[in-house]
Amino acid sequence: QVQLEESGGDLVQPGGSLRLSCAASGSIFRIDAMAWYRQAPGNQRELVARIFRGGSTNYADSVKGRFTISRDNAKNTVHLQMNRLKPEDTAVYYCNIDLMNWQLGTENYWGQGTQVTVSS
C-alpha cells in the first residue's frame with residue numbers, strides 16, 4: 001500500500017505565491033511520473049504539471065511561466081511552486097504518481113487533495 005501526503009494549500013491574495021508538497025510512502029520500488037492536477041467547482045479535473053523521473057516536465061498552458069514542478073527522487077516527494085497566482089487558479093489540487101512496485105507491476109495513486117484559494 002502507498003500513501004500520498006499533500007500539504008501547502010492555503011488562502012492567498014492575487015499575485016501571491018504558494019508551494020505545494022506531496023510525499024509518497026509505503027511499498028515503492030520506483031516512482032516514474034509525478035504530477036499535480038486540479039479541479040475547480042463545476043469543472044473537470046485537469047493536469048497542471050507533470051515531471052518524469054529524468055526531470056523532463058510539461059505544464060498546462062495556463063500555468064506556464066508561473067508554476068514550477070520539481071521532485072526529490074531520494075525522498076519520493078514532488079513540489080509545485082506557484083507564483084503570480086490568479087483567482088482562476090482556485091481549486092483543489094491533487095498529487096498523482098505512477099510507480100513500479102516490488103513485483104515490477106505499475107500502479108497509480110492519488111492524494112486526498114489540498115485546497116488553494118486565490119482571493120482578495
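In strand β11, Val-118 is the bridge partner of Val-12. Strands here, like helices, are DSSP runs numbered from the N terminus, with at least two residues (E) for a strand and at least four (H or I) for a helix. The structure is a predicted model, in which local features need pLDDT of at least 70 and side-chain atom pairs count only at pLDDT 80 or more, while totals for chains, interfaces and linings use all residues. Residues are numbered from 1 along each chain as its sequence is written, and side-chain values use heavy atoms, leaving out hydrogens and water.

The pair Val-12 and Val-118 belongs to a parallel arrangement: strand β2 (residues 11-12) is joined to β11 by two bridges. Two strands are said to pair if DSSP finds at least two bridges between them. Strand β11 also pairs with strand β9 (residues 91-100), this time in the antiparallel sense and over three bridges. Here Ala-91 has Val-116 of β11 as its bridge partner.

The word "buried" stands for under 20% relative accessible area, "exposed" for over 50%, and "partly exposed" for values in between (1.4 Å probe, protein chains only).

A second sheet pairing involves strand β3 (residues 18-26), which pairs with strand β1 (residues 2-7) in the antiparallel sense over six bridges. Within this pairing, Glu-6 has Cys-22 of β3 as its bridge partner. Strand β3 is also joined to β8 by six bridges, again running antiparallel, and Leu-18 stands opposite Met-82 in β8.

Strand β9 also holds Asn-96, which counts as buried because its relative accessible area is 6%. What does the side chain of Asn-96 reach? It comes to 3.2 Å from the backbone oxygen of Tyr-109, and a polar contact of 2.9 Å joins it to the side chain of Asn-108. A polar contact is a pair of N or O atoms within 3.5 Å; within protein, one must be able to donate a hydrogen and the other to accept it, and residues adjacent in sequence count only if both atoms are side-chain atoms. Leaving aside neighbours within four places in sequence, the residues in contact with Asn-96 (heavy atoms within 4.5 Å) are Ala-33, Met-34, Ala-35, Tyr-37, Asn-108, Tyr-109 and Trp-110.

Attention now turns to charged side chains. Side chains of opposite charge can pair when their charged atoms come close. A salt bridge is a side-chain nitrogen of Lys or Arg within 4 Å of a carboxyl oxygen of Asp or Glu, and by this rule the count comes to five. Four residues, Arg-38, Glu-46, Arg-66 and Asp-89, are linked in a network of salt bridges. Arg-38 meets Glu-46 at 2.7 Å, N to O. Glu-46 is partly exposed, with a relative accessible area of 35%, whereas Arg-38 counts as buried at 6% relative accessibility. Arg-38 also meets Asp-89, at 3.0 Å, N to O. Because Arg-38 lies in strand β4 (residues 30-39) and Asp-89 in the loop between β8 and β9, this pair ties together parts that are 51 residues apart in sequence. Asp-89 is buried as well, with a relative accessible area of 1%, and its side chain meets that of Arg-66 in a salt bridge of 2.8 Å, N to O. Arg-66 lies in the loop between β6 and β7 (67-72), so its pairing with Asp-89 ties together parts that are 23 residues apart in sequence. Arg-66 is buried too, with a relative accessible area of 6%.

Glu-88, in the loop between β8 (77-82) and β9, counts as exposed because its relative accessibility is 55%. The C-alpha atoms of Glu-88 and Val-118 are separated by 7.6 Å, although these residues are 30 residues apart along the chain. Gly-54 sits in the loop between β5 (46-51) and β6 (57-59) and is exposed at 83% relative accessibility. Between the C-alpha atoms of Gly-54 and Gln-44, 10 residues apart along the chain, the separation is 29 Å.
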